[in-house]
Amino acid sequence: MTAKQKKPLIDSNRRATLKQLGVLAAAGAVSQLSPLSRVAHSATGQPIKIGAQIHRTGIGASYGRWYERVTVAAVKLINEDGGINGRPVELIVEDDGTDPKRGAEVVEKFATLHKVDVAYGTLFSHVVIGSSARAGELKLPYVVVSEGHHVASGSLNRYVFQPGITDVKSQVIAMAPWISRNLGKKVTMIFPDFAFGHNHRDYFSAAIAAQGGEVVGQIAIPPTESSFTRYFPRIPASTEVLYHVMVGPGVLTFVKELGQHFGNNRPEIFGFIDSLEAVDMATPQLEFLEGTHFWEGHPRYAQPNQTVHDKFYRNAVGVDNNGARIADPKDISTYSHMFGCWESLFVIKQAMEMSGYSGQTAADKRGFVEAMESLTIFEEGRDHPQGRKIFNGKIHQCFGHQYISKVEGGRLNVVHTTAIEDGLYEPEADYTKMAL
């Protein structure tokens, strides 16, 4: 198949954006190929098909927009470098609406209609959980970029991996000592009332207790909530640290109303950047965040010690030193999460090349899964710009550095970087014992 032989129609409603991204759209899906003249063909001449399950709509849309942009950029680079095993990569994108039922339908479509080699990219935990069972039934490798502990817990299946981003349990174990030492020991938690938020509730509560601290309040909020003032009076007066992690379209409202509630008389505040992903730190009414702290998976603002790998990655995905889109400084990226898409794609490439993946046979799929499970270290570099990682093949989960940043002068400056070892924990499962 060549670019000349395949001429999908461009969706007229997205023509300008798709032209800029170099994406070809057809039948509700997007196929993206770099010029095949740059890629050496395999004996079959067929592309490696990667099905990207993207939250184009629903509460995860702000993430989905950037997950798709990063994915397109990574596939472009992979194809410019010769593809995978001498075969071009074809990207097929489907919108799951950030809905678990629709997510399972997307997985089915990938396997039966598009016949992809691997599905990839899901973020919101309830969609991952709702989709992964079908991936296992179809024996379709399913690589997620989600953070939830559901993969590492062993509750999913052998076909599901999270190699590009750390999970919540690792994140909070790594940071709880710093929070306890520097901010306080009596913590009230505000979190979304679904699996991702429950991970924070359970694992941070245990992690702060291990430091001699205590969670004095837990406030669960529906992720579709649009106003939050009625929740704030439930924050106990004894609170020394307010720990917040919110998601969805109401995050800016959440942070603004939090500031209105406390005014100048607030406890220490530690937030996960999820509460402000895709939000400009210079937005009016966010001034009260000055001096507060955030977890970041990958620092949004280029730091004084910025690596050449971060610089290359920013340029490739079209993001400036402030974490905004180069073409539109008002379009703020989900920088703390989207690197997982870039890194996961290069892990997929690595495992396919290790296993000699050549097609969609059952043996090829098994070989790919086993190759993924054999991986142990991802060194920092162009393919892994966020930093070095350890991968545990038994639980299909990577472990990396976490960044604690302070709001200073309307930007986020890193004040502490955890060691990988800070976030390690004993495996709770062993997927390699499951049948393929």
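A crossing of two helices is called right-handed if the near helix is turned clockwise from the far one by less than a right angle. In this predicted model, that is the case for helix 9 and helix 10, whose crossing is right-handed.

Helix 9 covers residues 335–355 and helix 10 covers residues 362–374; the two pack at about 115 degrees, and their axes sit 8 Å apart. Angles of 65 to 115 degrees count as roughly perpendicular, so helix 9 and helix 10 fall into that class. On the helix 9 side, the contact is made by Val-347, Ile-348, Ala-351, Met-352, Met-354 and Ser-355. Facing them from helix 10 are Gly-367, Phe-368, Ala-371, Met-372 and Ser-374. Sorted by class, the residues of this contact come out as eight nonpolar and three polar, with no charged ones.

Helix 9 has another partner in helix 8, which spans residues 308–317. Here the packing angle is about 90 degrees and the axes are 12 Å apart, which makes helix 8 roughly perpendicular to helix 9. From helix 8, the residues involved are Asp-310, Phe-312, Tyr-313, Arg-314, Ala-316 and Val-317. They meet Tyr-335, Met-338, Phe-339 and Trp-342 of helix 9. This contact holds eight nonpolar residues, no polar ones and two charged ones.

Next come the cysteines. A disulfide is a covalent bond between the sulfur atoms of two cysteines. The structure has zero of them. Cys-341 has a relative accessibility of 1%, so Cys-341 is buried. Cys-398 is buried too, as its relative accessible area is 0%.

With 0% relative accessibility, Ala-119 counts as buried. What surrounds Ala-119, once its neighbours within four places in sequence are left aside? The contacts are with Gly-51, Phe-110, Leu-140, Pro-141, Tyr-142 and Val-143. Take Tyr-142 from that list: Ala-119 and Tyr-142 are 23 residues apart along the chain, yet their C-alpha atoms are separated by 4.8 Å.

Definitions and conventions:
Residues are numbered from 1 along each chain as its sequence is written. This is a predicted model: local features need pLDDT of at least 70, side-chain atom pairs count only at pLDDT 80 or more; totals for chains, interfaces and linings use all residues. Side-chain values use heavy atoms; hydrogens and water are left out. Axes are lines fitted to C-alpha atoms, for helices over the stretch in contact, and angles run from 0 to 180 degrees between N-to-C directions. Helices (H or I, at least four residues) and strands (E, at least two) are DSSP runs, numbered from the N terminus. Angles under 35 degrees count as roughly parallel, over 145 as roughly antiparallel, 65 to 115 as roughly perpendicular and the rest as oblique. Contact means heavy atoms within 4.5 Å. Ala, Val, Leu, Ile, Met, Phe, Trp, Tyr, Cys and Pro count as nonpolar, Asp, Glu, Lys and Arg as charged, and the others, Gly among them, as polar. A disulfide is a pair of cysteine sulfur atoms within 2.5 Å. Buried means under 20% relative accessible area, exposed over 50%, partly exposed in between (1.4 Å probe, protein chains only).
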